[in-house]
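Colleague: I am new to this structure and would like to understand the terms used for it. Could you take me through them, setting each value against its definition?

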Amino acid sequence: MTVNKIFGLGLSKTATTSLASALKILKYRTNDYPSLKYFPHKLYGIKKHLLDEYDAFTDISVIPFYKELDKSYPGSKFILTIRDIDEWLESCSKYPRFNWPLHKVPFKVIKLRQTIYRTVKFDEELFREAYHRHHKDVLDYFKNREDDLLVVNLCEGNQWEPLVDFLDTDHPEDEFPIKNARVNNYDGYFVR
């Protein structure tokens, strides 16, 4: 079966940048954090010219529109990147962009974060609720459609196998790309 499009449905800091890099290695034309059509106070979806130009899309700008994208692009594959919720919350709390002053956050990003997290800045309780709400929504939507959805924790080992199996593509020679991770200087562990 030919894959129409690939849509990453992971929340911020769930290895979405690594997924985008991996899809590029697999030769998919990939857009990480695609730009959205926006008019005051409303998001209208991924820009049409981007949907025409690229094969794969990742990051949170995909999330509010995945059901529409599923209907518009039958035969597409969806990848929900996950990670341990406590590690995820720790990573989000340290992510500088979640702690910017509100006047530095573009209106489009404000609307996107309010839609997904119900807040613009990091709030542990609201992010925890968003994590559970989003995963439940995706799993309920794709219930009985195992061939259309891959749920994967790319922060753990064995990253290539589930991805290439799901996409029915060859295993690349390259190591799996770990992107947007930084070492925390205080205790030496990686924060994605």
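Colleague: Why is Ile-25 called partly exposed?

Modeller: The relative accessible area of Ile-25 is 24%, and the terms are set so that buried means under 20%, exposed over 50% and partly exposed in between, with a 1.4 Å probe and protein chains only. Ile-25 is therefore partly exposed. This is a predicted model, in which local features need pLDDT of at least 70 and side-chain atom pairs count only at pLDDT 80 or more, while totals for chains, interfaces and linings use all residues. Residues are numbered from 1 along each chain as its sequence is written, and side-chain values use heavy atoms, with hydrogens and water left out.

Colleague: Where is Ile-25 found, and what does it touch?

Modeller: Ile-25 belongs to helix H1, residues 16-25, where helices (H or I, at least four residues) and strands (E, at least two) are DSSP runs numbered from the N terminus. Leaving out residues up to four places away in sequence, Ile-25 touches Trp-160, Pro-172, Asp-174, Glu-175 and Pro-177, a contact being heavy atoms within 4.5 Å. The C-alpha atoms of Ile-25 and Pro-172 are separated by 7.5 Å, although the two residues are 147 residues apart along the chain.

Colleague: Why is Asp-55 called buried?

Modeller: Asp-55 has a relative accessible area of 18%, and is therefore buried. Asp-55 is found in the loop between H2 and strand E5 (56-58), and touches Lys-5, Ile-6, Lys-27, Tyr-28 and Arg-29, not counting residues up to four places away in sequence.

Colleague: What makes the buried residues of H6 line one face of the helix?

Modeller: In H6, Phe-127, Ala-130, Tyr-131, His-134, His-135 and Val-138 are buried. Seen down the axis of H6, the buried residues fall within an arc of 120 degrees, so they line one face of the helix; the arc is that of the directions from the helix axis to the C-beta atoms. On the other side of H6, Glu-125 and Lys-136 are exposed. What covers the buried residues includes helix H3 (66-72), strand E6 (77-81), helix H4 (85-94), helix H5 (107-117) and strand E7 (149-152).

Colleague: How do you know that the span of H6 is close to the one expected?

Modeller: The expected span is 1.5 Å times one less than the number of residues. H6 (residues 124-141) has 18 residues and reaches 26 Å from its first C-alpha to its last, close to the 26 Å expected.

Colleague: Why is the pair of Phe-98 and Phe-127 called edge-to-face?

Modeller: Rings of Phe, Tyr and Trp (its six-membered ring) pair if their centres lie within 6.5 Å, and planes under 30 degrees apart count as stacked, over 60 as edge-to-face and the rest as tilted. The rings of Phe-98 and Phe-127 have centres 5.0 Å apart and planes at 85 degrees, so this pair is edge-to-face. Phe-98 lies in the loop between H4 and H5, and Phe-127 in helix H6, 29 residues apart.

Colleague: How do you know that Phe-98 and Phe-127 are buried?

Modeller: Phe-98 has 2% relative accessibility and therefore counts as buried, and Phe-127 is buried with a relative accessible area of 0%.

Colleague: What kind of pair do Tyr-117 and Phe-127 form?

Modeller: Tyr-117 and Phe-127 form a stacked aromatic pair, at 4.3 Å centre to centre with 5 degrees between the planes. This pair joins Tyr-117 in helix H5 to Phe-127 in helix H6, 10 residues apart.
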